[in-house]
Every structure is written in C-alpha cells, then in structure tokens.
Amino acid sequence: MGNEWWDLCAGPHVESTGNINRKALELESVAGAYWRGDTNKPMLQRIYGTAWENEDQLKAYLHFKEEAKRRDHRRIGQDLDLFSIQDEAGGGLVFWHPKGAIIRHIIEDAWKRIHIQHGYDLLYTPHVAKADLWKISGHLDFYKENMFDQMEIEDELYQLRPMNCPYHILIYKRKPHSYRDFPIRVAELGTVYRYELSGSLHGLFRVRGFTQDDAHIFCLDDQIKDEIRGVLDLTEEILLQFGFDKYEVNLSTRPEKAVGGDDIWEKATSALKDALDDKGWSYEIDEGGGAFYGPKIDLKIEDALGRKWQCSTIQVDFNLPERFDITYVDSDQEKKRPIMIHRAVLGSLERFFGVLIENYAGDFPLWLSPVQARLLPVTDTQLDYCNEVKKRLKGNGIRVEVCSGERLPKLIRTSEKLKIPLMAVVGPKEVETETVTVRSRFGGELGTMTVDEFTNKIKYAIENRTFF
C-alpha cells in the first residue's frame with residue numbers, strides 16, 4: 001500500500017518475482033473472499049497461483065490437481081446419487097440418499113460388530129440436554145463459539161449437543177462403581193451439532209451436523225497402556241477393512257496450561273508411548289501439543305493420492321472426571337477418580353464417507369458398493385428370467401437390480417457410468433441354459449456361468465473384501 005508493506009501471509013517470500021522460474025509458474029483462478037470469513041466484512045479479491053522449482057514439478061502438481069478434481073466427493077456424490085446438502089434445509093446439513101445410506105449402513109454394521117467383539121457396550125443418547133450440563137463440562141466456557149444458540153423449553157434452557165462425552169459420563173454416574181468393574185468401555189454413533197461459518201462449509205468435510213464414532217473408556221491408572229494398545233489394534237482392524245494401511249501418527253504432550261498433576265501426566269504420556277512402541281508404529285512427538293486435559297495420539301490416514309486425512313484420535317482426560325465428580329471405590333474402600341479416555345476411529349461418518357469416495361473415486365469395492373450387480377436383459381423377453389435371478393441373488397444378501405428398456409450397449413454404458421461393479425447380460429441363450437454372462441468393472445469379461453456359480457463368487461468376494 002504505497003510505501004507500506006503489509007505481510008498478510010506467513011510465507012515463504014522471494015525478494016523479486018524474477019527469482020521464480022517462469023515455466024514453473026501457473027496462475028489458477030480468482031475468487032471472492034470475505035475478510036476473516038465474516039460476511040459482514042468487505043469482500044476481497046483472491047488470486048490463486050502456484051510456483052515450483054522446475055517445470056516437471058509443476059506438471060506433476062497439475063496432474064495431481066486434475067486427479068483430485070476427478071475424485072471430488074461432491075461431484076461424485078451427485079453423479080452417483082449418494083448424498084446432497086439442500087438449501088431449503090440449510091448449509092452443512094447432510095441428506096443421505098438411498099445408495100449413500102446403504103454404504104453408511106454397511107459402515108455402521110461393521111463398526112458395531114467390531115466394537116462388541118472388543119468388549120464395548122453400545123449406547124444411544126439424546127441430541128439435546130439442559131444448558132447446565134454444558135456448564136459443568138466446560139463447553140459453554142471454552143467452546144461456545146462452536147455451539148448453536150440455546151432454546152427455551154418450559155422456562156429452561158436446552159442446548160443441541162456439540163459432543164457426546166457428558167452423556168456417557170452421566171450413564172457412568174447412574175450407579176456406584178468398584179475397582180473390579182474396570183475397564184468400562186462404551187461406544188456410540190452419536191450425532192452432534194456444531195456451528196460453522198457458511199464460508200467454511202465444504203461438502204462432507206466441513207458440516208454443521210455429523211455423526212461421530214465416539215467411545216469412552218473408564219479405567220484405572222495402571223490400565224491405560226493396555227487400553228490404548230487395544231484402541232490401536234481396533235483402529236488398525238477397522239481402517240484395514242476400508243483399504244487404509246498407511247498412517248501418520250503423532251503423540252502430543254503436555255501444554256503450558258494444563259489440569260492434573262505432573263505425576264499423572266508423566267504416567268499417561270509414558271503409557272501412550274509404550275502402547276505405540278508395543279504396537280511397533282513409528283510416530284512423531286508434538287511437544288506441548290496435547291489438550292489442556294491430557295495427552296493424545298492423532299492418526300492421519302493416507303489415501304490413493306498420498307493425501308493425509310485426520311481421522312482417528314485417542315485422548316486421555318483428567319478434566320471431565322473432576323468436573324463431573326465421578327469416582328470408584330478402590331481395594332482399600334477409598335473413593336478415587338477413574339481415568340477417562342476419549343477415542344474415535346473414523347472421526348465422523350460424513351467426513352470418512354467423503355474420504356472413502358475420493359480414495360476410491362466412487363469405484364467402491366464389491367462389499368461396499370450400494371449396488372453390487374446389475375442384470376441387463378438383451379430384450380424385454382428376458383425380463384421374467386432376470387427378475388427370477390434377482391430374487392435368488394437378493395435371497396443371498398446380494399444388492400442387485402434389473403435395468404431394461406434400452407438397447408444393450410446403452411445399458412452397459414449407463415452401468416459403467418454409475419460404477420456398478422458387476423453386470424450380468426442375459427439373452428435367449430442364457431435363459432435357455434439358466435446362466436448369466438458376467439462383465440466386471442475390475443476384471444473385464446468373465447464369461448458365462450450358472451446363477452449358483454455367480455452367487456457363490458459374489459459371496460466369496462464380499463466375505464474376503466476382494467474385488468470380483
């Protein structure tokens with residue numbers, strides 16, 4: 001601004017644009033942006049560009065950008081009719097369409113089954129509570145800007161929940177506990193509501209209402225390591241099911257301002273380190289990056305493009321047990337406070353679904369695909385047979401539909417566009433021999449097979465999480 005330099009960017013900077021390789025520079029787009037994201041403040045003009053050391057790096061970046069655009073979950077979600085965000089309902093509120101809802105159902109079922117196997121009890125809790133509950137938890141003091149306004153009901157103030165933890169503590173408090181009861185593990189797919197500025201909303205990645213795969217563990221001091229190791233094992237088991245096997249792991253330690261004594265912080269941090277070492281995972285230490293209420297482990301998963309997404313988190317909490325005055329009776333008949341561990345594996349179903357869409361570019365593996373197979377009759381003469389085959393496949397738990405009414409090449413192109421994993425073409429010969437001719441998106445032409453053979457191959461691929 002004249003002779004005055006306002007540095008609005010953290011950098012890095014160069015002394016002159018002449019230092020930039022002109023062949024490795026690309027101006028990309030322009031857009032309006034409100035100052036500090038506030039719609040009441042002036043609109044700025046933002047110019048997007050990118051600069052690299054050489055032309056090859058720029059080309060690699062542009063290819064990556066195009067691939068990321070091709071995988072954009074918002075476009076794929078619309079093309080495959082998976083979900084939408086409706087203006088009439090409001091920004092950041094997700095509508096799961098039938099095909100998206102089927103995938104969510106599969107994710108939830110797998111999640112619940114694994115948690116029950118790992119000794120968790122499942123919970124369901126309300127979406128609202130009296131505002132006083134959020135005073136006790138501290139959310140009204142420390143998190144109010146992320147919470148929706150309160151509502152008055154019969155002269156009392158109620159609040160949409162931004163988190164699930166106070167509810168799980170109330171369930172813990174419903175009866176006395178002995179040291180013999182621990183560990184206590186509870187889990188919930190709990191929908192929460194958080195206020196986000198409209199300018200920050202982004203598809204499924206930044207929303208105002210979402211479902212956390214939330215769980216809390218109440219345990220004794222000397223159980224922390226084993227419980228953390230159990231969470232790491234469970235996290236690996238769940239993420240591997242969805243094809244994620246590369247992680248970036250960070251361990252965050254005590255910040256300057258923290259609750260709890262030095263001894264418990266040291267004990268908890270050591271337990272987290274020991275669990276990670278025992279697991280054999282490499283990790284980086286984020287000194288002072290822990291929450292004020294305890295140390296934590298954060299895990300980022302790597303997708304097909306090498307991008308990292310924050311999903312899983314494990315947090316030790318010394319604060320809420322104090323605030324809610326939860327206790328247990330130890331072996332000496334004295335009251336003590338349990339350790340509380342917060343943890344989420346997927347983070348939120350909405351965000352994880354967005355990551356899944358972009359990781360697979362909508363080409364979901366057979367077990368996860370909302371429609372696993374399509375029966376395509378060459379003419380309407382084969383429709384009755386197709387409906388019989390459909391009934392047999394559905395009876396075996398296979399998600400199948402019949403598509404007809406157009407010429408076969410068009411039916412095939414439409415199925416490919418919708419990324420249907422399997423197509424079974426049915427003509428006069430197939431009806432006569434009671435077979436189907438199978439085409440796979442991933443395996444190409446697979447030839448003619450009996451309905452039983454087709455059924456068994458699909459069931460095997462689903463059970464073993466493989467492509468057909």
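Between which two strands does the loop that holds Gly294 lie? Gly294 is in the loop between strand 12 (284-286) and strand 13 (296-302); helices (H or I, at least four residues) and strands (E, at least two) are DSSP runs, numbered from the N terminus. The model is predicted: local features need pLDDT of at least 70, side-chain atom pairs count only at pLDDT 80 or more, and totals for chains, interfaces and linings use all residues. Residues are numbered from 1 along each chain as its sequence is written, and side-chain values use heavy atoms, with hydrogens and water left out.

**The surroundings of Gly294**
- Gly294 counts as buried, at 0% relative accessibility; buried means under 20% relative accessible area, exposed over 50%, and partly exposed in between (1.4 Å probe, protein chains only).
- Not counting residues up to four places away in sequence, Gly294 touches Trp265, Val316 and Phe318, where contact means heavy atoms within 4.5 Å.
- Between Gly294 and Phe318 there are 6.1 Å in space, C-alpha to C-alpha, and the two are 24 residues apart in sequence.

- Five strands form an open sheet in the order 19-18-20-21-22, with mixed pairing; two strands pair if DSSP finds at least two bridges between them.
- Strand 19 (400-402) and strand 22 (444-450) are the edge strands, each pairing on one side only.
- From one strand to the next, the twist averages 25°; axes are lines fitted to C-alpha atoms, for helices over the stretch in contact, and angles run from 0 to 180 degrees between N-to-C directions.
- Strand 21 (residues 435-440) runs antiparallel to strand 22 and is joined to it by 6 bridges.
- Within strand 22, Thr450 stands opposite Thr435.
- Helix 12 (residues 408-417) packs on the sheet and touches strand 18 (373-377), strand 20 (422-426) and strand 21; its direction makes about 170° with that of strand 18.
- Helix 14 (residues 451-463) also packs on the sheet, touching strand 18, strand 20, strand 21 and strand 22, and its direction makes about 125° with that of strand 22.

**Strand 18**
- Strand 18 is largely enclosed by the rest of the structure, because 5 of its 5 residues are buried.
- Ala373, Leu375 and Pro377 point one way from strand 18, while Arg374 and Leu376 point the other way.
- Strand 18 and strand 19 run parallel and are joined by 3 bridges.
- Leu375 has Val402 as its bridge partner in strand 19.

**Backbone details in loops**
- The peptide bond from Phe182 to Pro183 is cis, with omega near 0°, and Pro183 is in the loop between helix 6 (165-172) and strand 9 (184-193).
- Asp155 is not a glycine, yet has a positive phi of about 65°; the residue is placed in the loop between strand 7 (151-153) and strand 8 (156-160).
- With a relative accessible area of 72%, Asp155 is exposed.
- Ala361, likewise not a glycine, has a positive phi of about 55° and is placed in the loop between helix 10 (349-360) and strand 18.
- Ala361 is buried, with a relative accessible area of 5%.
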